[in-house]
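The structure is shown first.

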Amino acid sequence: MNALNSIVFVLTVFTTIVAADRKLHVEWNPGCVLEDHCSKFSKLTYIRADGENDTVHFVLDATFKPSLVIVVTNRDAVIQVNYTADRENNIKFTESPHYTFASVFNNLYEFNDVNDTANIKNGQNFIKMDFKKFHWNTTQSINNNNESVEILLTSNSYRAPGINKTGIVSVTLKVYGKKDIGSKLPHLVHTPESGELTLTLNNLNTNFTKSRFAIELLTFSSFPFNKTEELSSNTFSDDKLSGGTFLNYLLNAKGDVEGGGFLSWKPVVYKAENTHALNSSSTIQYDIHDYHYENDWINTPLFNMYGNSLFGNSSQFLLKSFNVSFGQPNDEFYAKSNYTYWTFLVGIGAPPNSSLGFLELSIIASLLLMLTITMILIFCIFMRWMSSKRNSLVYGQ
Amino acid sequence: MEENHPGSSSIVRDNHEDDCKVTWTHPSHIFQRLIALFLMCLIGFGSYFCFDNPGALQDDFIQDMNLTTSQFVYLYSWYSWPNVVMCFIGGFLIDSVFGIRLGTIIYALLVVLGQIVFAAGAYLNALWIMIIGRLIFGIGGESLAVAQNNYAVLWFKGKELNMVFGFQISFARVGSTVNFIVMEPLYRYVKKQINIPNYQSLSIVLLVASLTCVLSLLSALLLAWQDKRAEKLLHRKTPEATEVVKMSDVRYFPKVFWIVTFIIVFYYTSIFPFVALGKVFFEKKYNFSPDSANLINGIIYIISSICAPGLGLVIDKTGRNLFWVFISILGTLISHMFLAFTFVNPYIAMFTMGLSYSMLASALWPLIAMVIPEHQMGTAYGIAQSVENLGLAVVALLSGIIVDSDGYYMVELFFCLLLSAALLLTAILWTCDSMNKGILNMSIKQRNQLESNKPPCPEKQNLLQNNDITED
């Protein structure tokens with residue numbers, strides 16, 4: 001019964017916040033008194049998006065594996081981080097969250113695509129790189145009048161025995177306080193309840209001439225929305241925003257009702273900083289699996305929030321993983337440009353849809369107008385022809 | 001490549017056969033004429049094959065030479081720009097300056113040269129050189145088609161002329177189709193075999209394609225020799241320059257002519273620029289492989305090469321040109337709408353578009369001949385083709401810019417808009433026609449009745465006595 005009440009409550013909240021603007025506040029290691037001390041243990045960026053009835057909290061953590069946790073609470077709830085306590089349960093909210101959804105960069109894979117299929121299943125000589133072993137730094141934070149926030153995490157070193165990687169790996173988070181579109185292709189449509197995560201692999205040295213990269217993403221979804229997660233794709237005709245891409249993938253955490261978390265992306269990567277259709281290549285996405293490997297979940301801020309309740313048979317959370325590989329056959333592998341840019345949206349509530357722009361509407365309206373006039377003229381011609389036929393029958397002309 | 005119509009070609013005197021029996025070596029023997037026909041078809045093959053080389057390798061051009069779509073379409077617009085003028089003077093130069101033999105050889109040479117410069121531009125990764133190549137190619141290509149028509153008239157007038165034109169068009173379409181089928185595999189083969197930068201592989205493929213133009217040039221040389229020999233043996237007189245385009249005639253052209261011209265412009269600008277950009281559209285929207293995308297993109301030409309003669313016959317038997325024009329434009333509009341708004345198997349839309357395109361060519365162009373007197377026909381067709389080329393050059397540029405800035409959906413909407421304008425103009429034309437004598441939409445029976453009832457009239461008088469059909 002409690003669960004049902006919770007569903008009804010959060011649904012009401014989601015309904016009221018649809019397309020409503022939110023005010024953003026950014027904080028680095030929230031609640032930390034001695035910044036130098038906190039920074040040694042924590043690389044936490046916190047964005048608070050206040051709406052009229054509720055608050056959406058974005059927690060971007062780069063302490064271990066780069067992770068974005070999105071939490072919905074009542075409007076007055078405040079995050080509390082205990083930097084001196086053990087990690088387990090040291091991140092709390094003053095009021096219980098209604099819903100939590102998270103996405104975690106778990107592993108980066110390099111594989112030798114000898115047959116140029118771009119499919120990870122046909123790859124050879126896999127090299128697995130744990131995202132927590134990259135040395136992450138928050139290098140840039142842009143706060144645009146509390147209307148949009150951009151956080152950039154970068155790493156230029158990877159520390160693990162036997163794997164020598166140079167180059168820059170970066171993760172960017174962009175959050176908008178109102179419904180908007182991303183500034184670069186594929187121009188994802190944002191809601192205030194979503195954040196755009198971008199992964200960039202710039203100038204990474206490769207072990208093979210036919211190297212391609214893939215990532216393993218983890219997703220977390222809390223009770224009560226989701227019974228399962230499913231990956232679906234839908235096609236759309238208007239590629240104005242996506243520049244020649246007509247497909248969208250949606251990983252939706254939903255159960256009997258809509259409103260859970262989602263990941264949404266276009267199957268396109270860009271092979272140059274200028275994200276233009278001519279620099280594009282594709283992604284391949286793979287099946288979703290249950291993922292209960294504790295060592296990986298412990299290295300995420302979810303462990304700081306939920307502790308050991310993440311694990312075990314009594315766990316009421318959905319812990320999933322899936323892979324995405326970058327590139328398509330005949331695109332000359334990662335080595336062609338030594339650059340890969342992939343972006344996706346993480347959010348809660350109804351996944352955003354793009355709507356027809358003014359120009360499209362104007363063209364369609366003119367088209368319909370011309371067709372209507374044409375049909376009227378043709379009708380007149382037809383009537384005239386009918387009457388002349390009748391006359392010729394009557395008067396024998 | 002635009003439609004070319006014999007209406008603009010010069011009138012050539014009939015050649016008389018000897019009554020006596022001729023051997024197969026004699027120019028008036030059917031065997032000799034068949035050889036001439038084959039050579040005439042080959043003359044156009046190279047230019048039609050190479051015209052759509054960029055379209056067949058669109059994504060390769062864009063990636064290998066790091067072009068935007070807006071830059072890529074220069075390769076088409078710079079083909080069209082010179083033909084805004086060449087439509088008038090190409091035929092005139094053949095008739096009055098070079099003569100048909102030398103003229104054909106010069107134009108065939110320009111086509112070869114243009115294609116080689118085009119390939120050199122790819123080798124040097126220099127777009128501006130490629131554009132110059134396409135410009136030279138354009139000057140040669142369109143005029144070569146006029147020369148081809150003139151040869152056909154010279155050799156076949158009063159015999160099998162319509163069939164010969166049919167053969168030439170079908171062969172030209174085969175050239176376009178073969179281009180779409182072979183260029184991509186050829187490019188992949190060269191890329192695999194020769195380890196050079198991709199844009200240089202592209203240039204090698206373009207150079208190989210130029211062999212078809214060389215073949216056309218050889219055909220032009222052989223036909224020139226054959227024609228010279230025929231002229232000697234048949235004592236054929238060199239045709240006089242009978243028809244010079246007179247721009248002053250334009251002021252006498254009725255409004256109907258201009259409406260037809262704009263229908264031509266609006267229609268063809270939704271076809272040729274679409275084919276130029278179609279390959280990547282099919283790859284991106286329908287996830288086709290490059291080979292399959294080329295196949296479906298070239299389906300318009302395949303259907304045209306097969307169905308055009310049959311559909312032409314349908315119009316010959318039924319008349320009702322405006323009705324068929326309306327149906328053709330409507331069919332093309334529906335095809336574009338399917339491509340713009342749906343993910344239904346695109347073969348359905350392209351098949352419909354191919355049929356409509358083939359039908360329209362037979363139904364629309366003769367409308368000009370119905371409203372313009374014979375002595376002004378050359379000027380009228382020249383102007384129609386000139387305006388068409390102007391439209392193609394501008395729309396090709398616009399399409400590239402739209403694809404770059406707003407994507408394929410928007411460019412498809414743009415094509416739908418052009419076709420809606422063509423459809424509206426057709427409806428207006430039909431309305432005007434039906435309010436008058438209905439000449440443009442008569443059945444063959446009605447047309448024959450009109451012809452038989454008509455008193456003998458001076459040659460210069462046209463069906464509408466140079467008045468707009470809107471005026472009584």
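Which residues touch the most other members of the largest nonpolar core? In this predicted model, they are B:Leu364, B:Ile368 and B:Ala422, in a core of 158 residues. Helix α18 (residues 377-435) of chain B supplies the largest share of this core, 29 residues. Leaving aside neighbours within four places in sequence, B:Ala422 is in contact with B:Ile263, B:Phe266, B:Tyr267 and B:Ile329. Another core, of 76 residues, lies apart from the largest one; among its members are A:Ala49, A:Leu188, A:Trp265 and A:Met305. In soluble globular proteins, nonpolar side chains tend to be buried together.

| Strand paired with β14(A) (residues 194-202) | Sense | Bridges |
|---|---|---|
| β11(A) (residues 168-176) | antiparallel | eight bridges |
| β23(A) (residues 339-348) | antiparallel | nine bridges |

Individual positions can be given for each pairing. Towards β23(A), A:Leu201 has A:Thr340 as its bridge partner. In a regular strand the side chains alternate between the two faces of the sheet.

The last topic is the contact between chains A and B. Here 23 residues of chain A are in contact with 25 residues of chain B. On the side of chain A that touches chain B, helix α5 (residues 358-395) of chain A gives the most, with 13 residues. Sorted by class, that side of chain A has eleven nonpolar, seven polar and five charged residues.

Methods
Residues numbered from 1 in each chain as written. Chains lettered and ligands numbered in written order. Predicted model: local features only at pLDDT ≥ 70, side-chain atom pairs only at ≥ 80, totals over all residues. Pairing = 2+ DSSP bridges. Helix = DSSP H or I, 4+ residues; strand = E, 2+ residues; numbered from the N terminus. Core = buried A, V, L, I, M, F, W, Y, C linked by C-beta atoms within 7 Å. Buried ≥ 20, exposed ≤ 12 C-beta atoms within 10 Å, placed from the backbone. Contact = placed C-beta atoms within 7 Å. Nonpolar A, V, L, I, M, F, W, Y, C, P; charged D, E, K, R; others polar.
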